Each structure stands twice: as structure tokens, then as C-alpha cells.
Amino acid sequence: MFARRIAVIGSGYVGLTTGACLASLGHRVVCADVDEAKVERLRRGVVDILEPGLPELVAENQAAGRLEFVLGARDAVAGRDGEAVEVVFLCVPTPMGEGGAADLAAVRAVAAEIRHLLPAGCVVVNKSTVPVGTAEATRKLLNRRDVAVVSNPEFLREGSAVHDFLHPDRIVVGSDAQDAAERVAALYARLGAPTVLTDAASAEMVKYAANSFLAMKLSYVNAIAELCDVLGADVADVTEGMGHDRRIGQAFLQPGPGWGGSCLPKDTNALVQVAAAAGIELPLVSASIATNERQRRIVVEKIADAVGGDLRGARLGLLGLTFKAGTDDLRDSPALAVARLLREGGAELTAYDPGCPAAVPGVTDDVTVADEPLRAAKDADALVVLTEWPEFRSLDWGAVAGALAGRVVVDCRNLLDPDVLRRAGISWVGVGRR
């Protein structure tokens, strides 16, 4: 079954990816945002988000007449030419609020705005990551017996969101109204993915449970890397041996400066808060959060050791500011967290990141942002890799060595080939590696 009309509220990376990909599946989609300038840019085909394949997908579906952009949720839901919207996807921000709980102000605001505009039989879908019970709360806020609410969490990785949407591991759809869940699941029928049909609370829990598990896996491997440093083992060999166990797998076994981004920090904290409200402790998740915070300090200590033990007055070049490669997202970036700790220790910082070509006021205030990697390396006592951009592997390391004052690279992502650096006369320091 194909909906004649779908409204997507929100044009961040989740909303825009959802709208463009649903349109590519043959649906007619109208995507709304409250930022007038952003809507105008999108109408012209200008996509500000660094997301491979997304600009092309937006342009293709605009040209085909399957995707349009409007200002405000009201215009998206009201319908045009007598056509009624059948499904409304809420893809609005749910950032971490006070105490770690998810801030649902945007969800509530949109629900209040559209509740009287929704046609009978319409389905409202929570695509944003929301705590267990949000579908029920949304249903009560809408106060429409003729409108169903469905939870359909997204599992999109920034930098590969389009691929993840069109080639999903699974589709999770939850609602207390089975027919509404089946209608939403049918929107994805062409993808042929395994589909989990469940109740709304279970669907909401899936997202938090999955992301918190991945965060625990990352914190665990960082703890193992620290132990490898002390005992003289090599974490690359250890994780290779672990990853061949099909019960464990290779994914999320790469040590680094900690996990961050728009999902894992807020989802782990929100799950702890949800559990606490239910009278349940989640010590594994809480320990993973604490381990993640500690990992940033461990990385800073490793960098300090590489420049003689004292950061005061040290000139450091940083490769990477975004929370992961392939994106321009600086939210909860472990690279920025490490940079702030280095600056607090007295270091002078110059950074280069392909996804962040210029300073961002209020975000990158602790560093000077360079427009190419050699400028970050110039006269630095050490060069520090904080984000795993693949192009860092192919730098002209001879030129880098000539630019550095101290010929040492602290590779916090274990991204580089130590032999390549040694041939260029550069000492390589990794995480958990000999």
C-alpha cells in the first residue's frame, strides 16, 4: 500500500533523509521546517547537511514531483488540491534535557499545532528517538480517537543515513492499533527488510536498548585498550580475535577518544533516567557513561606524555573535530571534548577537519581552525588524530614531518599505518597498541 500523501515534520538529517527516501520509494512527501531560510534553500535544491547521496536524492525527487518543502507543520498537514495527508512523521529534535532525560518540547509543540488539522484515519508516527510512553502521551495530547499513533524509530548512522534507510537491517513499527502499525510497515514494503511489528512501548525501547548496547561495547573496548597499554598487549590483535566470534562481531570494537554524537550520549542518559523513574538501576549503562568520560582524560594523559608530560605551552595540531568521519556534526564530539581538556591544560591548539572547514562560534572557541592539514601540523609539538577521516591515511607524511616541530603523532583512532609514519621519521603513538 502506498500513501497518497506523507507529511514529514522536521528537515534535520533524520527528517530530510526520511522524506527523500520515502519519496524515492514512490510516495508523495511534503517536508516541513520552521526555518524559512532553510526551506527556501531546500526548495532550490541546496542541502546544508553533509550526508553522502542526500543532495542527489532530494534533487531527483523534487524533479519527479514527489518531494516538496513548506514552512511550518500546518502547511504540511493541511493538504492541497483536496488530498488528505495519510501519514505524518514527527522528525523533530529530542535533545538531552536536564538530568539526562529527553526533551520532548518539540514533539509536544507539533502535536498541539496539528491535532485539529489531522484528517480522520490519519496515522501520526514518532520517528524521533523518544522515551518509552511517548506514543501514549502523544495520543492523549492529540485527543483524537480517529487518529492512531505509531512508534517507528530510526536507525540511521550519520554519514551513511541514505544507505541505512534504503538497506535497513530491520524495520521496527509499534502501536497499540495493529492496523495502523501495518499501514506504516507497508510504506517500507519495497525494501524487503525484516519487520518487527510490536506494541508502541516495545518499539520505543528497541532504539534505547540498541544504542545503549553499542555504547557499552565501545566503552568496553576502550577499557580493554587501556589494559593492553599497561600489559603490553596489542588491542588490534585482541579485537580481531574477539571479532571472529559471531556472537560478538567486528563492529564497534575500535578504541578511540570515546563515543559521542547526537544519539549515543542522549540515548544512554535517557535510558538511565527512564529506568530510574521506574525504580530500576542500570549499572552497566551507567558504568559505560562513566567509562566514556574517563576515556577522554586517558587520551589527554597520553597526549601529554607524548610532549614530555606537561601541556602548558605545548603547540598541538589536531586532525578531526567532528564526532565521526563523513559528517559535519559537532554535537557531543569526543574530539571537541578532548580539545577542551587540552586547552584547560594550557596547550595551544590548531585543528583541521574536512567536515568543519571554518570556526563555529561557541563550539570551536578552544581551537584555531585551519583550512588544510599542514597548517594544523606547522610548528606543532605533536599531531593528534581525533576523528577517523580516511583521507588522513594518505597525507604527505614527509611534508607533515617537515612541518612538525616535534615529530610525533598521537593516533587516538589507531587509524594510521605506523610503518608509513616511521619511514617519514615520525614517532607513532596509538591506543592500546604496541
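## A loop residue with positive phi

Asparagine 143 sits in the loop that runs between α6 and β6 (148–151). This is a predicted model, and in it the phi of asparagine 143 comes out near 55°, a positive value in a residue other than glycine. The residue counts as exposed because its relative accessible area is 64%, above the 50% cut-off.

Aspartate 332 has a positive phi too, near 50°, and again this is a residue other than glycine. Look for aspartate 332 in the loop between β9 (315–319) and α13 (334–344). With a relative accessible area of 46%, aspartate 332 is partly exposed.

## Helix α6

Go back to helix α6 (residues 134–142) and you'll find threonine 134 in it. Skipping neighbours within four places in sequence, threonine 134 is in contact with Leu104, Asn126 and Glu204.

Salt bridges also link Glu136, Arg139 and Lys140 into a network.

Arginine 5 is buried, with 4% relative accessible area, while glutamate 68 is partly exposed at 26%.

Glutamate 293 is partly exposed at 38% relative accessibility, but arginine 296 is buried at 10%. Arginine 375 and glutamate 372 also meet through their side chains, at 3.9 Å from N to O. In that pair, arginine 375 is exposed at 52% and glutamate 372 is partly exposed at 27%.

## How α11 meets α12

Helix α12 (residues 283–306) also packs against another helix: its axis comes within 10 Å of the axis of α11 (residues 264–277), and the two cross at roughly 145°. The crossing of α11 past α12 is left-handed. On the α11 side, the contact is made by Thr268, Asn269, Leu271 and Val272; α12 brings Val285, Ser286 and Ile289.

## A nonpolar patch

On the surface, Leu227, Val230 and Leu231 form a nonpolar patch, and their accessible area together is about 330 Å². Leucine 231 belongs to helix α9 (residues 200–231) and is exposed, at 64% relative accessibility.

Conventions:
Residues numbered from 1 in each chain as written. Predicted model: local features only at pLDDT ≥ 70, side-chain atom pairs only at ≥ 80, totals over all residues. Heavy atoms only, no water. Patch = residues over 30% accessible without salt bridge, like charges linked within 9 Å, V, L, I, M, F, W, Y side chains within 5 Å. Areas by Shrake-Rupley, 256 points an atom, 1.4 Å probe, with all protein chains shown as cover. Salt bridge = Lys/Arg side-chain N within 4 Å of Asp/Glu carboxyl O. Helix = DSSP H or I, 4+ residues; strand = E, 2+ residues; numbered from the N terminus. Buried < 20%, exposed > 50% of the residue type's maximum accessible area, 1.4 Å probe, protein only. Contact = heavy atoms within 4.5 Å. Axes fitted to C-alpha atoms, helices over the stretch in contact; angles between N-to-C directions. Left-handed = near helix turned anticlockwise from the far one by under 90°.
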